[in-house]
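Hi everyone, thanks for coming. Have a quick look at the slide, and then I'll walk you through it.

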Amino acid sequence: MDRHLSLSQAARLIGVKRGDIQKKIQENKLTVMEGTVVLSDLKKAFPDAAYEDNTMLEKMEKFMQDAVHKMVQSERDGAQADALSRRIIKINKELAEERKQAANMEELIDGMKQKFIELNVISNPEHAFNEIRQWFNTAHNALEEDKLTTPVEQLENQIKQFMLPHVRLLPSRHDYISDKSETLLESALRSGLAVDYGCNNGKCGKCRAKLLSGQVEKTRHQDYIFSESEKSQGYILTCSNAAKTDITLETEEAVSADDIPLQTIASKVKKIDHSSEHVIILTLKTPRSQRLRFLAGQHIELNLDNYLQDNSEPVNAEYSIASCPCEPSNLEFHIPVNNNAAFAQTVIQDLKNNDSVTLEGPHGSFVLDEDSPNSLIFVAWDTGFSAIKSLIEHAMSLDHAEAIHLYWMTTKVENHYLDNLCRSWNDALDNFTYTRIMCEAKTDVVAETLMLHLHDEHSHLLNFDLYIAAPGHLNHLLKPLLTSHGVKGQNMHFESTFHGDEIID
Ligand code: FES
C-alpha cells in the first residue's frame, strides 16, 4: 500500500520546503488529495531527493516516549523516575480513550434530545416510541462496536480510508476523499469546499453537477426532475449520490462572498459555555436539511426569537461565525460578557438550550484568498479572534499555507479565552506559530506593539497575506504602517465587526 503524507510530512521526508511541494502541485507534476500526497508520486516529482524511507509514525511515537522519559528523569532523581515516566504515558493514553468515550456519549445525548423533539410532533405515540427505541439501539450498537475496535482493526480502518473513492472537482481541481457512507455533498462540505447546494434532500436541484468520469450510486429518492438536456449531459445531484469509484465532477464552487446567497435559517441553541469570565461561547445547531452556507471569516445576524425588544422585534445582533464551514450545522459564536447591549445581556441572563435563534445572512468579505500562494499572518484584537479562528480552521483544512502565524492581542492574559486551543495548534502543527500579546488598549500602543513583533519575527512581509480583525480605527492606523513595510493592498484584509474590549483612540 502506498503511503499518504501530509505536505508537512512530505517536505520533512525529502528535506525540501512545503512551498517547493506546492509549486509541483500547481505545475500539475504532483497530485494532492485532501491535503495529502502519495509517496510514489512524491518520488517521481522529486527524483533526486534523498529519501529517508522510515516508518515516520513509529519514530514519532518513540521520540515522544523518550522525550517524556527524559523530562521526568531530569526533574526527579532516583530509580522511581523511570516508572513514573511510563505511568505518565499510560495515563495519557487512558485520558485520550476517556475523552473519546465522553465525546461519544455527548453525541448520543444530543441525538436523543433531537429525537424527543421530533417525537412531540408525531401524533401516534406507539409509532414514535418504536422509532426512538430503534434509533437508540442502532446508535448504541455503533458506539459499542467503536469501543471494541483493536489497534489492528484501527489500522485496517485507516488502510480502508486510503482505498476510498477520490473525487476531483473541475474547473477548480480541488480533490477530496468520499466515504461511501456519505453523499458526495456531505464529504465535500466536510473537506471545507464551498460547493453549491440548497435543500440537501433532492428537491431544489442546486447541488447538481456534471459527472465527467467514474460511477456513482443513488443514496436516496430525489424529487428534482432533470431536463432531457441535463440527463444527456450526465448531471447528478450530489446530495443524493455517493461515489462508487474515483470520479470527476464539473461543478460551481463559491470563490468569493458574492457567490454565497443570503439565507434565513431557524436554528436551536445547542450549548452555552460560560467557562470563561470574559466570553460566552454559544453553539447553535441548524436542521440537517438546512445547513448554513458561508465562507470562513463571514458574520451573520442572530435573532433571539423568544426574547423581544420594545418594538416587538426579536433581540438581535450581528456576530462573526467562529467555526469552520466544514461544520455547517454546528455554528459557534463568541459573546463578550462585558457588553451591555441587549443581545449580550439576554444571552448571559436568559438564553437556554433549545431556544430558537433565527440566522440571517451571511455577510462580509473578510474571507481567505485561496488562490494566493503566500504564507498567512492572522492578527486578532480581543474577540476579533472569533473571525480569525474560523479562517485558521479553514486554512488548516485546506492545508495550503506554508506557514501560519497567529498574533492574539488583548489587555490581559485571562482574556485569551481559547489560549489552550491556540497552544495546541502551536504544538501539533509544524507550520503554525502562536504569539500571545498583552498591551494597553490605546490605538497607537497596540499598533506600535504589533509592528515591533512583526519586524522582530519576520525579516520581511512580502510573501505574506495579513488578516486583521480589530476595531476600525486600529485597522485604519495599521494600513499605512503595513504598506510602508512592503505589504501590498491586495494582501491586507481587515474585519471590523466587533463587540469586544474597545481600544481608545
Ligand atoms: S441540495 Fe437541493 S437537490 Fe441537492
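I'll start with the overall picture, then go to the sheets, and end with one loop.

First, this is a predicted model, where local features need pLDDT of at least 70, side-chain atom pairs count only at pLDDT 80 or more, and totals for chains, interfaces and linings use all residues. Residues are numbered from 1 along each chain as its sequence is written. If pLDDT is new to you, that's the predictor's confidence in each residue, from 0 to 100. Here the mean for the protein is 83, and 82% of its residues reach 70 or more. One stretch to watch is residues 52-79, where pLDDT stays under 50. Where pLDDT is low, the predicted coordinates should not be read in detail.

So what is the protein built from? We have 14 helices and 20 strands; these are DSSP runs, numbered from the N terminus, with at least four residues for helices (H or I) and at least two for strands (E). Of the 505 residues, 31% count as buried, meaning that 20 or more other C-beta atoms lie within 10 Å of a residue's own, while exposed means 12 or fewer and partly exposed is in between, with C-beta atoms placed from the backbone.

Now, the sheets. Strands of a sheet pair through backbone hydrogen bonds, either parallel or antiparallel.

Last stop: S275, in the loop between β10 (263-273) and β11 (279-285). Is S275 buried or exposed? S275 is exposed, because there are 8 other C-beta atoms within 10 Å. S275 and Y417 are 142 residues apart in sequence, yet 8.9 Å apart in space, C-alpha to C-alpha.

Definitions and conventions. Contact = placed C-beta atoms within 7 Å.
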